[in-house]
Amino acid sequence: MGVLIATIDSSIVIISLPAIFRGIGLDPLAPGNIGYLLWMILGYTLVSAVLVVALGRLGDMFGRVRMYNLGFAVFACASLALSLDPLKGGGGALWLIGFRIVQAVGGAMLTANSAAILTDAFPARQRGMALGINQITGLAGMFLGLLAGGVLATVDWRAVFWVSVPFGVVGTFWSYRSLRETGTRRPGRIDWVGNLTFTAGAGSLLASITYGIQPYGGHSTGWTNPWVLGGLSTGVLLLAVFCVAETRIAEPMFQLRLFRIRAFAAGNLAALLIAIARGGMQFMLIIWLQGIWLPLHGYDFERTPLWAGIFMLPLTVGFLIGGPASGYLSDRFGSRLFATTGLLLVAVSFVGLVALPVDFPYPAFAALLLLSGLGQGMFSAPNTSAIMGSVPPEQRGVASGMRSTFQNSGTALSIGLFFSLMVAGLAGSLPHTMASGLQAQGVPAATADQLAGLPPVSTLFATFLGNNPVGHLLGPSGVLNTLPATNVRALTGNRFFPELVSGPFHHGLVTVFGAAAAMALVGALASALRGRPTPAGSDLPTGSKKGQ
């Protein structure tokens with residue numbers, strides 16, 4: 001329940017962003033407002049990725065159940081505050097972003113300690129099934145959040161946050177009433193140096209990647225922005241300091257020697273790569289459906305956010321079938337076969353998506369989503385079980401936190417990586433295509449060239465938010481009021497924009513999904529090389545099992 005609601009809230013705002021911004025009276029695509037949009041999308045994931053290691057370590061020290069219960073309480077209070085946003089405009093956006101960050105702290109407490117609590121509670125012969133259900137619940141929550149956001153946004157934008165309040169309240173009372181500490185607790189001192197350098201370094205790195213998506217100085221992306229480059233350099237430097245410090249501190253936040261355990265290192269590498277690929281797939285599929293396929297099939301742009309969530313349900317179905325089944329079977333036959341095979345299926349699904357035309361037949365699209373979901377489910381449950389079963393019991397909280405960090409960081413990295421790849425692909429061909437298409441419908445050359453010169457990220461986010469892209473871009477200029485009704489209907493109809501961008505978009509899609517397929521294959525190789533199962537912590541140097 002905790003992992004489900006935490007992951008649902010990581011994605012629930014993506015589909016409901018149009019209703020949220022309308023509710024607070026803010027145009028997120030106006031100059032200067034795109035930062036609000038990016039932080040609403042990525043702030044929750046970024047904070048979760050940064051904090052889960054520290055919160056997992058605190059769970060090892062002060063009790064995993066105690067941290068988990070506190071997480072439910074923090075999550076419930078933040079959800080209530082989000083639904084009561086009293087402000088409008090930029091102030092309203094900052095209120096939402098701020099309490100989304102508080103909500104992310106509570107969610108990180110839940111995800112950082114849930115796998116460790118289950119690993120403590122279940123014997124090895126049942127651990128794969130238990131962790132499989134937990135892991136697949138989390139993955140399914142990411143995609144159920146898309147559907148829930150679309151449905152609730154049609155009721156009221158505040159309902160997107162109301163739904164978390166009863167879950168948070170019930171979960172808080174239930175967990176405080178019924179959960180008991182069963183794991184190994186290891187009291188110790190807080191590693192302030194490790195916590196500060198990791199939090200600041202990871203935060204600086206992921207925030208810089210987030211801002212790298214925004215255009216800068218005439219470039220379609222912000223990777224030449226001195227602040228972005230400085231943030232990336234600072235983040236890498238602080239993480240290097242963190243790694244050095246952790247080898248010299250008596251009681252480190254995270255024992256880097258855990259990476260000497262081959263199953264732990266290989267499992268986390270594979271998890272990072274598939275998280276990057278999955279995050280990129282999620283956002284590219286939403287843009288593909290909302291910006292091109294659904295309008296071509298008669299759906300109004302305003303309705304596409306809800307229907308995009310519905311048409312992506314085969315992916316969730318695949319998760320729900322593949323995860324528990326592979327978790328159960330991996331308890332009997334080992335993790336490596338299922339995890340590796342799952343990633344190979346994911347790679348095949350990406351190749352299949354590349355081969356589809358932009359205006360695809362839905363049965364083929366649904367079959368590929370189902371295959372991808374099955375593959376990711378087959379991988380995630382056994383991989384989590386192998387990671388958590390490979391470490392000493394007293395390190396399970398921090399190991400769970402690190403596993404969550406790789407997963408959440410992969411999602412944040414995927415946005416910067418795949419959006420940059422897509423924007424780079426669109427920047428070469430979209431301006432000419434858009435300028436000529438607009439002029440063919442009577443738009444003055446000066447206005448057409450001005451719109452064609454806008455950064456492609458604005459066009460992508462317009463489709464992402466369920467706006468009519470051409471209507472949104474041409475609205476401020478007043479050109480639509482001067483054109484014949486026939487041309488206006490053509491420009492703002494369901495076919496003009498999708499047909500305009502389908503060629504450039506497909507070129508970018510080939511690049512993005514090709515890169516994702518390569519990551520899945522590398523992850524499969526890492527998974528295959530994880531080695532045979534070994535007793536927890538047996539690969540550690542002598543004495544490390546006792547936390548020395």
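**Close-up views of a predicted model**

**View 1. Cavities in the predicted model.** The structure, a predicted model, holds four cavities of 30 Å³ or more, a cavity being a set of points, on a 1 Å grid over the protein atoms alone, where a 1.4 Å probe fits but cannot get out. Grid points are joined across faces, edges and corners, and a volume is the space filled by probe spheres set on the points. Residues are numbered from 1 along each chain as its sequence is written, and side-chain values use heavy atoms, with hydrogens and water left out. In this predicted model, local features need pLDDT of at least 70 and side-chain atom pairs count only at pLDDT 80 or more, whereas totals for chains, interfaces and linings use all residues.

**View 2. Lining of the largest cavity.** The largest cavity contains about 380 Å³ of space. Its lining, made of residues with an atom within 4 Å of a point, comprises 27 residues, of which Thr-7, Ser-10, Met-142, Gln-407 and Asn-408 lie nearest the centre. Two or more lining residues come from each of α1 (2-23), α2 (34-62), α4, α5 (124-155), α10 (262-296) and α15 (396-440), these helices being DSSP runs (H or I, at least four residues) numbered from the N terminus. The most is given by α1, with six residues. By class, the lining of the largest cavity has ten nonpolar residues, 16 polar and one charged, where Ala, Val, Leu, Ile, Met, Phe, Trp, Tyr, Cys and Pro count as nonpolar, Asp, Glu, Lys and Arg as charged, and the others, Gly among them, as polar.

View 3. The structure holds two salt bridges, each defined by a side-chain nitrogen of Lys or Arg within 4 Å of a carboxyl oxygen of Asp or Glu. In one of them, the side chains of Arg-64 and Asp-120 meet at 2.5 Å, N to O. This pair links distant parts of the chain, with Arg-64 in helix α3 (residues 64-83) and Asp-120 in helix α4 (residues 89-121), 56 residues apart. Both Arg-64 and Asp-120 are buried, which means under 20% relative accessible area, with exposed over 50% and partly exposed in between (1.4 Å probe, protein chains only).

**View 4. The salt bridge of Arg-495 and Glu-499.** Here the closest N and O atoms of Glu-499 and Arg-495 are 2.9 Å apart. Glu-499 is partly exposed, with a relative accessible area of 44%, and Arg-495 is likewise partly exposed, at 41%.

Note on methods:
1 Å grid on protein atoms, 1.4 Å probe; cavity = no way out; pocket = protein on both sides within 12 Å on 5 of 7 lines; lining within 4 Å.
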